[in-house]
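User: I am new to this structure. Please show me how to read its features, one at a time.

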Amino acid sequence: KLDDLPSLNGYFEFEYLNDDKEDSPGQFRQRHLTLLVTKEYKAFRMFGEIEFEWGTVFEGKGGRELEEASGELKLEQAWAEYIHSDRLTLRAGKMYVPGYANINQWPNLRLSSQNPLLQKEGVFPETFVGVKAYGTRYWNEVGVTYQAYVANGVSEFSAKEDVNENKA
């Protein structure tokens, strides 16, 4: 029965910073609590990643005012895919832009909890909403891997609507 349920995993990031400046005390920071939900059924797979960043606070009536709430709640990724074969998988939804830091987001060892500078400064978007096809083809010991995708143009609300005719 448990195998029929979606899988729930996640991770937690906790930091201690000390920059040795006289006016700046060392500090603990709770950066992320990320929940990962997956489900596979025959040739279909679904994935979702929800991130609570910086100790997110949400309360109903009579609680804290929204301006006082801290942190963020983000849907980092949410996609579904159809696995036709090793050579062709089709994925649709919100997903990370292919790049080393995004593809290898959960390595055994990561020397920083910070995202790469090109991502933080907005040179490359972190995610896109669209459709992706990928696969691998081997001939004996030689192989080729490909990824091709079409995505909404970059905008603040690209998950809701495409605000321009640009496609990536």
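User: What should I know before reading any values?

Analyst: This is a predicted model, where local features need pLDDT of at least 70 and side-chain atom pairs count only at pLDDT 80 or more, while totals for chains, interfaces and linings use all residues. Residues are numbered from 1 along each chain as its sequence is written, and side-chain values use heavy atoms, with hydrogens and water left out.

User: How many helices and strands does the protein chain have?

Analyst: Helices (H or I, at least four residues) and strands (E, at least two) are DSSP runs, numbered from the N terminus. Here there are two helices and seven strands. Their order from the N terminus is β-β-β-β-β-α-α-β-β.

User: What share of the residues is buried?

Analyst: Buried means under 20% relative accessible area, exposed means over 50%, and partly exposed lies in between (1.4 Å probe, protein chains only). Of the 168 residues in the protein chain, 20% are buried.

User: Which residues form the nonpolar patch?

Analyst: Patches take residues with over 30% relative accessible area and no salt bridge; like charges are joined within 9 Å, nonpolar side chains (Val, Leu, Ile, Met, Phe, Trp, Tyr) within 5 Å. The nonpolar patch has about 1,100 Å² of accessible area together, and its members include Leu8, Phe12, Phe14, Leu33, Ile50 and Leu75. S1, S2 and strand S4 (72-85) each supply at least two of its residues. Phe14 sits in strand S1.

User: Which residues form the negative patch?

Analyst: Lys and Arg count as positive and Asp and Glu as negative; His and the chain ends are not counted. The place of a charge is NZ of Lys, CZ of Arg, CG of Asp or CD of Glu. Here Asp19, Asp20, Glu22 and Asp23 make up the negative patch. Asp23 belongs to the loop between strand S1 (7-17) and strand S2 (27-41). Its relative accessibility is 69%, so Asp23 counts as exposed.

User: How many salt bridges are there?

Analyst: Side chains of opposite charge can pair when their charged atoms come close. A salt bridge is a side-chain nitrogen of Lys or Arg within 4 Å of a carboxyl oxygen of Asp or Glu. A search of the whole structure finds six. One joins Glu81 and Arg45 (2.7 Å, N to O). Glu81 lies in strand S4 and Arg45 in strand S3, so this pair ties together parts 36 residues apart in sequence. Glu81 is buried at 3% relative accessible area, whereas Arg45 is partly exposed at 27%.

User: Which other residue does Glu81 meet?

Analyst: Arg91 and Glu81 form a salt bridge too (2.8 Å, N to O). Arg91 is in strand S5 (residues 88-96) and Glu81 in strand S4, so the pair links parts ten residues apart in sequence. Arg91 is buried, at 13% relative accessibility.

User: Which residues are linked in a network of salt bridges?

Analyst: Glu51, Glu53, Glu72, Lys74 and Glu76 are linked in one. Within it, Lys74 and Glu76 meet at 3.6 Å, N to O.

User: Which residue has a positive phi of about 50°?

Analyst: Lys42 does, although it is not a glycine. Lys42 is in the loop between S2 and strand S3 (44-53). It is exposed, at 73% relative accessible area.

Key: Areas by Shrake-Rupley, 256 points an atom, 1.4 Å probe, with all protein chains shown as cover.
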